Amino acid sequence: MLRTLSRVSELPIIVKQLQKRYHNNNNIISGCRIFSNNNNSSNTDIIRNGRYSSSFFGLFQNAAQAGVSKTNNYATEATIQVNRPFKLHRLDEGPATEVKLTKDQALKYYTQMQTIRRLETAAGNLYKEKIIRGFCHLYSGQEACAVGMKAAMRDVDNIISAYRVHGWTYLMGVSPSGVLAELTGVQGGCARGKGGSMHMYAPNFYGGNGIVGAQVPLGAGVGLACKYKGNGGMCLALYGDGAANQGQVFEAYNMAYLWKLPVIFVCENNNYGMGTSSERASCNTDYYTRGDALPGIWVDGMDVLAVRSATEFAINYVNTHGPLVMETNTYRYSGHSMSDPGTSYRTREEIQEVRQKRDPITSFKELCIELGLITTDEVKAIDLKVRKEVDEATAFAKSDAELGVSHLWTDVYSNNLEPKLRGTIAYDIDHIQERKGVNH
């Protein structure tokens, strides 16, 4: 049937035939439209399959590509229906379910997600080689959460998170070499090797926090600063499902609601808090509803466009009405940290199934190719570029020197009001400001 498709105008007929054919298989089919940059061509309706078998997806992918190729050799913009519907709590309306994606955005998001994945793979290898010491928490599998949120952020917006922040550090302006060098503890790191995995910072990025849940009240404080300054900014305060039962989280909810602070409390629900599933740890796993009076949104955290749409809505909401809770349902491929194999409380088959069916990078790449926004050659070029950049960053992180001892107590204060370091009993140490870290 699809092989005989010769005109774009025939696509609606094909859609109806496919819907009828696959109705008995309980497939969920949602609308999607491609907009060509050619003013002489009409808008073309195609479908994007929400729950699909691999054979069906590949079958219809050819139809989508055919539709694009008949209107233009490439697409510059597409309008896409969000796959999994948003869930709302105390909201009359929610984020846009029909989102636009340009070619430039597609290339950017794919590059960012692929870079984060490569960074985390490199970090994992460095840890196994005992070059990275201490704790190391990887973000692999959760890339769409960070990239989607960052895509919606404005220059005045801020973000604070927990310890799974290597990818966020990169997104907020630190180079891959600056991230990996910080992890290996050398002077070329973004905090000159002083911070390590849990304490990396950049402008508008208040780092990761090793104390579980501590970033939530701190994020409320950043939101208070935005409101006090009147700069129109807001703060994303990210925490995991494992921290969702912390008392300080609910205290922050309460204060933020009373003061109408511009804060988005984001629960990155990767389904496992350390070695315990969310079902075993929480009596209510609908984390987007747990703000009580605070409104909430559930979003598919494996869909970068859904996350972007939800975050755009949330930013507008919190700047007008006050705080909101957003749950991004996602999945981590690694264990809680590198010391956790991640397979004692879940099966390898479960992890593999998510990788095959819901991987945020693979699914986004296939969608962009299907819509004609990215070619396979462009994907290969990006992959090669990212691999080269991360390989070079890894080599630098291995070869760079550690910070000299005399530099370890520099820049303790951002704005030093006293000549000496306080609290150093029996030591007479002058405070020195070098301001060489990224956050300076």
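Mentor: A residue is called buried when its relative accessible area is under 20%, exposed when that area is over 50%, and partly exposed in between. Please keep in mind that this is a predicted model.

Trainee: How many of the residues of helix H4 are buried?

Mentor: Eight of the 10 residues of H4, which spans residues 143-152, are buried, so this helix is largely enclosed by the rest of the structure. The buried residues are Glu143, Ala144, Cys145, Ala146, Val147, Gly148, Met149 and Ala152.

Trainee: Which strands does H4 lie across?

Mentor: H4 lies across strand E7 (235-240), strand E8 (263-269) and E12, and runs at about 160° to E8. Strand E7 may be read in the way we read H4. Five of the six residues of E7 are buried, so E7 too is largely enclosed by the rest of the structure.

Trainee: What percentage of the chain counts as buried?

Mentor: Of the 440 residues, 51% count as buried. The chain holds 13 helices and 12 strands.

Trainee: How should I read a sheet, and what is the order of the strands in the open sheet of six?

Mentor: In general, the strands of a sheet pair through backbone hydrogen bonds, either parallel or antiparallel. Here the open sheet of six strands has the order E4-E11-E12-E8-E7-E6, and its pairing is mixed. Strand E4 (87-89) and strand E6 (158-160) form the edges, each pairing on one side only. From one strand to the next, the twist averages 20°.

Trainee: In what sense do E7 and E8 pair, parallel or antiparallel?

Mentor: E7 and E8 pair in the parallel sense over six bridges, and alanine 237 stands opposite phenylalanine 265 in E8. Between E7 and E8 the chain crosses through helix H8 (residues 247-259), and this β-α-β crossover is right-handed. E6 and E7 also run parallel, joined by three bridges. There, isoleucine 159 stands opposite leucine 236 in E7.

Trainee: Over how many bridges do strands E11 and E12 pair?

Mentor: Strand E11 (residues 296-300) and strand E12 (residues 324-329) pair over five bridges, in the parallel sense. Isoleucine 297 has methionine 326 in E12 as its bridge partner.

Trainee: How is a nonpolar core to be read, and which residues of the largest one touch the most other members?

Mentor: The general idea is that in soluble globular proteins, nonpolar side chains tend to be buried together. In this model the largest nonpolar core has 75 residues, of which Trp168, Leu180, Ile264, Leu324 and Phe364 touch the most other members. Helix H10 (residues 304-318) gives the most to this core, with 10 residues. Apart from this core lies another, of 20 residues, including Ile160, Ala220, Ala256 and Val263.

Trainee: Where does H10 lie?

Mentor: H10 lies across E7, E8, E11 and E12, and runs at about 165° to E11.

Trainee: Which residues does leucine 324 touch?

Mentor: Leaving out residues up to four places away in sequence, leucine 324 touches Leu91, Val263, Ile264, Phe265, Leu294, Pro295, Ile297, Phe313, Ala314, Tyr317 and Val318. For the chain as a whole, consider contacts with a separation of 6 or more: residues 24 or more positions apart account for 72% of them.

Trainee: How should I look for disulfides, and how many does a search of the whole structure find?

Mentor: A disulfide is a covalent bond between the sulfur atoms of two cysteines. A search of the whole structure finds zero disulfides. For cysteine 235, the nearest cysteine sulfur is that of cysteine 226, 6.8 Å away, whereas a disulfide requires sulfur atoms within 2.5 Å. Cysteine 235 is buried, with a relative accessible area of 0%. Cysteine 267 also counts as buried, at 0% relative accessibility.

Trainee: Is threonine 184 buried or exposed?

Mentor: Threonine 184 counts as buried, because its relative accessibility is 11% and the cut-off is under 20%. Its place is in helix H6 (residues 176-184). Beyond its neighbours within four places in sequence, threonine 184 is in contact with Leu126, Ile131, Ile132 and Ala397.

Trainee: What is the relative accessible area of arginine 355?

Mentor: Arginine 355 has a relative accessible area of 38%, so it is partly exposed. Arginine 355 lies in helix H11 (residues 348-357). Neighbours within four places in sequence aside, arginine 355 is in contact with Arg117 and Tyr333. Arginine 355 and arginine 332 are 23 residues apart in sequence, and 9.9 Å apart in space from C-alpha to C-alpha.

Definitions and conventions:
Residues numbered from 1 in each chain as written. Predicted model: local features only at pLDDT ≥ 70, side-chain atom pairs only at ≥ 80, totals over all residues. Heavy atoms only, no water. Core = buried A, V, L, I, M, F, W, Y, C linked by side-chain atoms within 4.5 Å. Buried < 20%, exposed > 50% of the residue type's maximum accessible area, 1.4 Å probe, protein only. Helix = DSSP H or I, 4+ residues; strand = E, 2+ residues; numbered from the N terminus. Contact = heavy atoms within 4.5 Å. Pairing = 2+ DSSP bridges. Axes fitted to C-alpha atoms, helices over the stretch in contact; angles between N-to-C directions. Right-handed = clockwise from strand over helix to strand, strands pointing away.
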